[in-house]
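This report covers a fold and a few of its residues. Please read it alongside the sequence and coordinates.

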Amino acid sequence: MTYGRSNPYPTGPLHEKKFNPVNQYEANNQNHLFREITFTTLGWLHSALLQCTFMWLWASGRLSYYDDFWSRPFFSIFILLFVSFWREFHFYWIHRFIHPWWSVQHGLRQGDIGAFLYRHVHSLHHRSRNPGPWSGLSMHPIEHFLYYSAAYIPLLFTCHPLHFLYIKFHLDITPIGAHDGYDDPAGASSFHYLHHGLFECNYGSPLIEFDRLFEKNYFDEQYQNEQYQNEQQHGENNHDEILEHFQID
């Protein structure tokens, strides 16, 4: 299937660019691939339903909007430029919310809603410990709802449909590059790759460094490059040890 043995990504020239040289979609691990495809498809269906809902709200007059983009030129352009920053703000705080607030051993009795949500919701996404192109939207349906809530801006203020569509398509597409597991010229998202490997770090992205501001664990691309060079020079790969330490049973 997609990304199988004959695909140039795992076997061709880009293989040396893979953060973890193990092909997570080998033929003997097709259940992993099928799980990711299934939940990614559910995510796209959620996205499509969201788009249909807002289009219906606008068409039926239940939600206000303006249809002449250039009737408010400064506002229209500002919102488009603001989307990337809004996405990073929303992603960090929603993502942090569904990770343990204090300890993975906690639960609702200790008031740790994040630990509860991680155990029952977000842990599905972290089953993709060595992420690939199908991993980005491989989430629990509850997490799909939280993730796509970034596109709910028409409920907050009157906007042009293009603003909503831009955010929604941004939500649809960016997880692919953020999880493909390759350095340049592919997705080059070593920052988020480290989150899947180390769990308690890099909840956001380098665009807005919330992790540097609020988290005690922060690993940048220099750390990733040092790990990569160590593996190339000494043939050492500590992925399994790291994942075993951070993985929740």
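At what distance does a polar contact join the side chains of H32 and R35? The distance is 2.9 Å; a polar contact is a pair of N or O atoms within 3.5 Å, where within protein one must be able to donate a hydrogen and the other to accept it, and residues adjacent in sequence count only if both atoms are side-chain atoms.

This is a predicted model, in which local features need pLDDT of at least 70 and side-chain atom pairs count only at pLDDT 80 or more, while totals for chains, interfaces and linings use all residues. Residues are numbered from 1 along each chain as its sequence is written, and side-chain values use heavy atoms, with hydrogens and water left out.

The protein has 10 helices and 0 strands (DSSP runs, H or I of at least four residues for helices and E of at least two for strands, numbered from the N terminus). H32 lies in helix α2, which spans residues 30–59. Leaving aside residues up to four places away in sequence, H32 touches Q24, Y25, R127 and S128 (heavy atoms within 4.5 Å).

Buried means under 20% relative accessible area, exposed over 50%, and partly exposed in between, with a 1.4 Å probe and protein chains only. Of the 249 residues, 44% count as buried.

| Residue | Relative accessibility | Class |
|---|---|---|
| H32 | 8% | buried |
| C159 | 0% | buried |
| C201 | 0% | buried |

The whole structure contains 0 disulfides, a disulfide being a pair of cysteine sulfur atoms within 2.5 Å.
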